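Subject: Handover of a structure and its description

Dear colleague,

Please find below the structure that I am passing on to you.

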Amino acid sequence: MRFALNELQAMLQDQAGRLLDSHASHDRLQAIVDGHPGAADAAWPELKALGLAGLLLPETAGGSGLGMIEAALVAERIGYAALPTPLFGHWAATAALAGQEPGVAPDMLAALAAGTQIATVAFGEAGTRWLPEAWQVRIEGGRVNGTKIFVPGAATADVLLVGGAGGGGALVDARGAGVRIEQVDGVDRTRPMYNVQFDDAAGLDIPQQAMRRAFDAALVLLAADAFGGASRVIDMTVEYLKTRSQFGTVIGQFQGVKHQIANVVTQIEPCRGLYWYAAYAFDKVPAESSAMAALAKAHLGDRFLQAARDCVELHGGIGYTWEYDLHIWLKRAMVDFAWGGHPDALRSHYADAVGW
């Protein structure tokens with residue numbers, strides 16, 4: 001494994017980061033969390049123009065032919081900006097289709113690569129059933145029946161990659177007959193979530209191995225998002241500590257405060273290598289991919305949530321206010337912690353995968 005980014009990877013992350021940051025001003029983020037229509041849509045045309053929609057699809061399908069490490073580097077910047085994009089669900093779904101599964105029409109793959117169609121993933125089920133072996137939605141004879149919860153971006157998606165009993169799945173037209181989508185009043189307003197009911201909906205069968213790839217991709221991308229989000233709350237807190245004065249002294253000069261923020265930094269920075277290796281394993285070490293994806297997501301979900309809580313405390317009262325942006329990342333941390341499975345369940349999956 002390379003322990004440094006190559007020139008293309010560094011350039012991609014920097015370019016995507018600058019684009020995202022340009023759309024993630026305080027006023028824009030406040031408009032998004034306040035629910036103003038259309039506030040979240042402006043960046044998508046530019047993200048498509050950058051080729052990000054087809055990043056994980058092969059060139060033969062109209063994509064960029066890049067790998068999970070490149071997607072994860074951009075996901076880190078998405079987490080840092082907290083800007084709504086459909087890329088998380090879209091990338092997780094296209095990771096399953098990157099092998100051009102039999103039956104997936106070439107024109108659909110081309111549309112997904114161009115971003116003119118958007119895909120997302122439907123994994124979660126009631127009772128905290130997230131892992132593929134726990135899915136219970138019935139997929140039989142090309143028909144899908146059951147309910148999925150916390151489906152990201154379902155209302156704006158064109159196709160849904162749905163996990164089913166036995167670990168297989170189906171590709172379903174999000175606007176087709178038998179599909180009912182209902183928005184969830186979730187805590188993180190930068191990532192709308194939906195419950196989706198399938199009543200004998202038509203679906204194209206997707207094999208178990210491809211569905212596992214999609215699930216592992218989602219975990220790696222969440223780990224990267226969590227690293228980016230944790231980096232953002234650290235940066236916000238350091239800046240605040242350099243400007244807020246108490247008793248005539250900038251509070252960042254107090255030894256107790258220095259120790260607290262230093263502890264947060266030392267908990268987060270080593271995690272960079274963990275999510276990098278999970279992405280590398282996804283691309284290059286298939287035997288380790290599932291285990292490392294679970295471990296990275298479990299650990300980074302934990303660390304991001306704790307970092308966000310610690311940084312809110314370091315801000316004092318302002319950290320709890322709606323007008324100050326820190327709550328956006330605290331709520332994002334809650335979703336990164338919970339979506340895809342509780343850290344304990346994912347660590348158990350890791351232990352099983354490595355034979356502990």
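In which sense do strands β3 and β7 pair, and over how many bridges? Strand β3 and strand β7 (residues 193-206) pair in the antiparallel sense, with eight bridges between them. Two strands are said to pair if DSSP finds at least two bridges between them.

Please note that this is a predicted model, in which local features need pLDDT of at least 70 and side-chain atom pairs count only at pLDDT 80 or more, while totals for chains, interfaces and linings use all residues. Residues are numbered from 1 along each chain as its sequence is written, and side-chain values use heavy atoms, with hydrogens and water left out.

The protein as a whole

The protein contains twelve helices and nine strands. These elements are DSSP runs numbered from the N terminus, with helices being H or I of at least four residues and strands being E of at least two. For 356 residues, a compact globule would have a radius of gyration near 21 Å, and the value of 20 Å for the protein agrees with this. That radius is taken over C-alpha atoms, and the globule rule is 2.2 Å times the number of residues to the power 0.38. The C-alpha trace spans about 70 × 45 × 40 Å along its principal axes.

Of the 356 residues, 55% count as buried. Buried means under 20% relative accessible area, exposed means over 50%, and partly exposed lies in between (1.4 Å probe, protein chains only). Among contacts with a separation of 6 or more, 74% are between residues 24 or more positions apart; a contact means heavy atoms within 4.5 Å.

The protein exposes about 15000 Å², and carbon and sulfur atoms supply 53% of this area. Accessible areas come from the Shrake-Rupley method with a 1.4 Å probe, and for residues only the protein chains shown count as cover.

How many residues of strand β4 (residues 159-163) are buried? Five of the five are, so β4 is largely enclosed by the rest of the structure. In a regular strand the side chains alternate between the two faces of the sheet. In β4, V159, L161 and G163 point one way and L160 and V162 the other way, all of them buried.

Strand β4 runs parallel to strand β1 (residues 119-122), and four bridges join the two. With strand β5 (residues 169-173), β4 pairs in the antiparallel sense over five bridges. V162 in β4 stands opposite A122, and V162 also stands opposite A170 in β5. The hairpin of β4 and β5 has five residues between the strands, and G166 takes a positive phi near 90 degrees there.

Helix α12

In helix α12 (residues 343-353), the buried residues are P343, L346, H349, Y350 and A351. Their cover includes α7 (208-241), α10 (286-315) and α11 (326-338).

Individual residues

Most residues other than glycine have a negative phi, and most peptide bonds are trans. A82, which is not a glycine, has a positive phi of about 55 degrees. A82 is placed in the loop between α4 (68-81) and α5 (87-97), and A82 is buried, with a relative accessible area of 0%.

Is T128 buried or exposed? T128 is exposed, with a relative accessible area of 68%. This residue lies in the loop between β1 and β2, and its phi, near 55 degrees, is a positive value in a residue other than glycine.

Finally, S22 is found in helix α1 (residues 7-23) and is exposed, with a relative accessible area of 52%. S22 and A43 are 21 residues apart in sequence and 8.9 Å apart in space, C-alpha to C-alpha.
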